[in-house]
Amino acid sequence: MSALDARGITVRYGGVVAVDDVDIVVREGEVLGVIGPNGAGKSSLVDAITGLTRCTGTVELDGVDVTRARVHQRALAGLSRTWQTVELFADLTVEENLRIVRTRHVEHDVDGEIERALELLGIADTRHLLPAELSLGGRKLVGVARALVAGPRVICMDEPAAGLDSRESAALGRSLRSIADGGTGILLIDHDMDMVLGTCDELHVLDFGRTVATGAPQDVRRDPAVLRAYLGETHEPEAVAHHG
Ligand SMILES: Nc1ncnc2c1ncn2[C@@H]1O[C@H](COP(=O)(O)OP(=O)(O)OP(=O)(O)O)[C@@H](O)[C@H]1O
């Protein structure tokens, strides 16, 4: 069943069409990767889906139309988001940062969710540390844990691996897989192709705001339209071609 179903999403900034009639479906337990060159519209798409930017099109969560819902209402309906920069409370420990998350249901077992998130992200041993005592990778994992504690149906992640080394990035990918295996859908934007190709069930490729390819990672990375989209990019064609 689809946890997130976004249809005909179009985002305009003045005369610029940043996202052009894009359909995105994330199923329960699926990791959907959205990739594309710089400026392809990935962040704008996630901003539109989460309600942060104006768009046309429709967004459904678990079959419920949330197109007109505000950001916080979408969050309460089950749509979580992580950011490129992780904002944690500096004076609170990892566990306390998770404890202040607003959960979706009052009867929510917060303690249970926190333990589950700490275990899934492999950060249980850091629970009493302050954010400053963690590496950037560690803080990013706490950011993902925080999104998870709310009990989302779908988590949208904007470049969670940015700034991580390859070992941290691989660990993050494994954690995302475990989260999805627990039933949560994940919409993942990232430039780390090893992590994306190794983690996603499906890829959705954008170029100039348009969908140029969708499908399984092993098919998409060989797709001529995808390779074309990355040509002219300075830092990514090698990554895609390398795996092709
Ligand atoms: N607030 C804004 N106002 C005007 N134009 C914007 C705004 N935000 C993004 N754009 C433009 O919209 C297009 C898509 O940008 P977006 O950031 O969504 O792409 P992206 O794929 O996330 O890029 P990156 O990989 O570099 O993060 C680009 O042409 C960008 O310059």
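Trainee: Which residues surround the ligand?

Mentor: Since this is a predicted model, what follows is read from computed coordinates. The shell around the ligand divides into four nonpolar, six polar and one charged residue. Its members are Tyr13, Val16, Ala18, Gly36, Asn38, Gly39, Ala40, Gly41, Lys42, Ser43 and Ser44.

Trainee: Which element supplies the largest share of the shell around the ligand?

Mentor: Strand E2, residues 16-27, and helix H1, residues 42-50, each supply at least two residues of that shell. The largest share amounts to three residues, and the element that provides them is H1.

Trainee: Which residues of H6 make the contact with H5?

Mentor: By class, the contact of H5 with H6 has five nonpolar, two polar and two charged residues. On the H5 side the contact is made by Gly137, Lys140, Leu141, Val144 and Leu148, and on the H6 side by Glu168, Leu172, Ser175 and Ile179.

Trainee: Which residue in E5 is the bridge partner of Glu60?

Mentor: Strand E4, residues 56-61, pairs with strand E1 in the antiparallel sense over five bridges, and two bridges join E4 to strand E5, residues 64-65, again antiparallel. E4 and E5 form a hairpin with two residues between them. In E5, the partner of Glu60 is Asp65.

Technical notes: Residues numbered from 1 in each chain as written. Predicted model: local features only at pLDDT ≥ 70, side-chain atom pairs only at ≥ 80, totals over all residues. Near = placed C-beta within 6 Å. Helix = DSSP H or I, 4+ residues; strand = E, 2+ residues; numbered from the N terminus. Nonpolar A, V, L, I, M, F, W, Y, C, P; charged D, E, K, R; others polar. Contact = placed C-beta atoms within 7 Å. Pairing = 2+ DSSP bridges.
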